[in-house]
Amino acid sequence: MGLPLRKLDRRYTYADYCTWPDDERWELIDGVAWNMSPAPSTSHQAILGQLYLQVAPPLEGDPCRVFLAPFDVILAETPDQADDDSPNVVQPDLTVVCDASRLRERGCFGPPDWVVEILSPWTLQKDLDAKYALYERHGIREYWVIDPGSRTVHVYHLEPSGKFGDPVIHEGEARVTCPVGAGVAVQLTPLFSKVLR
C-alpha cells in the first residue's frame, strides 16, 4: 500500500492552500498537506456515481444539499479562527450540508452533516485515521466509509458524548438509512454493481 505524498516542511493554512495551482489537488489536516494523486479508480468513481444517483433525488426541494468531490470543506479549530488561518481543508467524496449559512462559493465553511469517503489503497490510512479524528472532533453527525474491496459500508454515528460510536457495518443487499432528509436510503446492491474485481 502506497502512502500519499505529504508536505511536512511546515504547518499550512487555508490561505496557503488557496495559492496552490488549480491542477493539483491537496487536502490539509491539522496543517499537514496531503496530495490527492493519483486519480480515483474506476470502481471508486462507479460507487460515487451510484451513491449520488441514490442520494440526490430525494433531497430535491430539501434544505440539505449534496456535493461531490472536489468540493472544499474548511474546518476551523475555534469559532473565532479566521477562515484563512484554518489548518483543515478536506474534500470528502460525498458531502451533505443542511445548514445553508455554511455554504459559500468556495465550499462549506464549518462541519457538514454527513460525509462519505470511498477507500483506496492510496487513501486508507488518511480516511481511517486522520479524517476519522478530524470529522469526530468537528462534530460531523455521520461518517460513512465505503470499502470497495469487501463491498461494505461502515457507518460511524456521532454519539451525545461527541465521539463516534462503534461502526455499524452493512453488506450484501442491505438498505442503509441516511442521516439527512426524509426517506433517503442507499441500496448496497446497485452501489457495488459496477465494482471491478
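Colleague: Why is Arg104 called partly exposed?

Modeller: This is a predicted model, and its relative accessible area for Arg104 is 44%. Buried needs under 20%, and exposed needs over 50%. Arg104 has 44%, so it is partly exposed.

Colleague: What makes Arg104 and Asp83 a salt bridge?

Modeller: The N to O distance between the side chains of Arg104 and Asp83 is 2.5 Å. The limit is 4 Å, so the pair counts. Arg104 is in strand E8, and Asp83 is in the loop between E5 and E6. They are 21 residues apart, so the pair links distant parts of the chain. Asp83 is partly exposed, at 26% relative accessibility.

Colleague: Which ring does the charged end of Arg104 sit over?

Modeller: The ring of Phe109, with the charged end 4.0 Å from its centre. The distance limit for this label is 6 Å. Phe109 also belongs to a cluster linked by ring pairs, along with Tyr12, Tyr14, Tyr17, Trp20 and Trp26.

Colleague: How many aromatic pairs are there?

Modeller: The count is 13. Take Tyr132 and Tyr156: their ring centres are 5.1 Å apart and their planes lie at 80 degrees.

Colleague: Why is the pair of Tyr132 and Tyr156 called edge-to-face?

Modeller: Two tests. The centres must lie within 6.5 Å, and 5.1 Å passes. The planes must be over 60 degrees apart, and 80 degrees passes, so the pair is edge-to-face. Tyr132 is in helix H3 and Tyr156 in strand E12, 24 residues apart.

Colleague: Is Tyr132 buried or partly exposed? And Tyr156, buried or exposed?

Modeller: Tyr132 has a relative accessible area of 22%, so it is partly exposed. Tyr156 is at 12%, which is under 20%, so it counts as buried.

Colleague: How many salt bridges does the structure hold?

Modeller: Nine. One of them joins Glu77 and Arg137, with the closest N and O atoms 2.9 Å apart. Glu77 lies in the loop between strands E5 and E6, Arg137 in helix H3, 60 residues apart. Glu77 has a relative accessible area of 33%, so it is partly exposed. Arg137, with 41%, is partly exposed too.

Colleague: What makes Arg141 and Asp113 a salt bridge?

Modeller: Their N to O distance is 3.2 Å, and the limit is 4 Å, so they qualify. Arg141 is partly exposed at 35%. Asp113 is at 13%, so it counts as buried. Elsewhere, salt bridges that share partners join Glu27, Glu117, Lys126 and Lys131 into one network.

Colleague: Which residues have the most contacts inside the largest nonpolar core?

Modeller: Trp114, Trp144, Ile146 and Leu191, in a core of 27 residues. Helix H2 gives the largest share, four residues. A second, separate core of 20 residues includes Trp34, Phe67, Val97 and Phe164.

Colleague: Which residues is Trp114 in contact with, leaving aside its neighbours within four places in sequence?

Modeller: Among them are Val55, Leu94, Val96, Ile140, Trp144 and Cys178.

Colleague: How do you know that strands E2 and E3 pair?

Modeller: They share four bridges, in the antiparallel sense. At least two are needed, so E2 and E3 pair. The hairpin has two residues between the strands, and Asp30 takes a positive phi near 55 degrees.

Definitions and conventions
Residues numbered from 1 in each chain as written. Predicted model: local features only at pLDDT ≥ 70, side-chain atom pairs only at ≥ 80, totals over all residues. Heavy atoms only, no water. Phe/Tyr/Trp six-rings, centres within 6.5 Å; stacked < 30°, edge-to-face > 60°. Buried < 20%, exposed > 50% of the residue type's maximum accessible area, 1.4 Å probe, protein only. Lys NZ or Arg CZ within 6 Å of the ring centre and 35° of its normal. Core = buried A, V, L, I, M, F, W, Y, C linked by side-chain atoms within 4.5 Å. Contact = heavy atoms within 4.5 Å.
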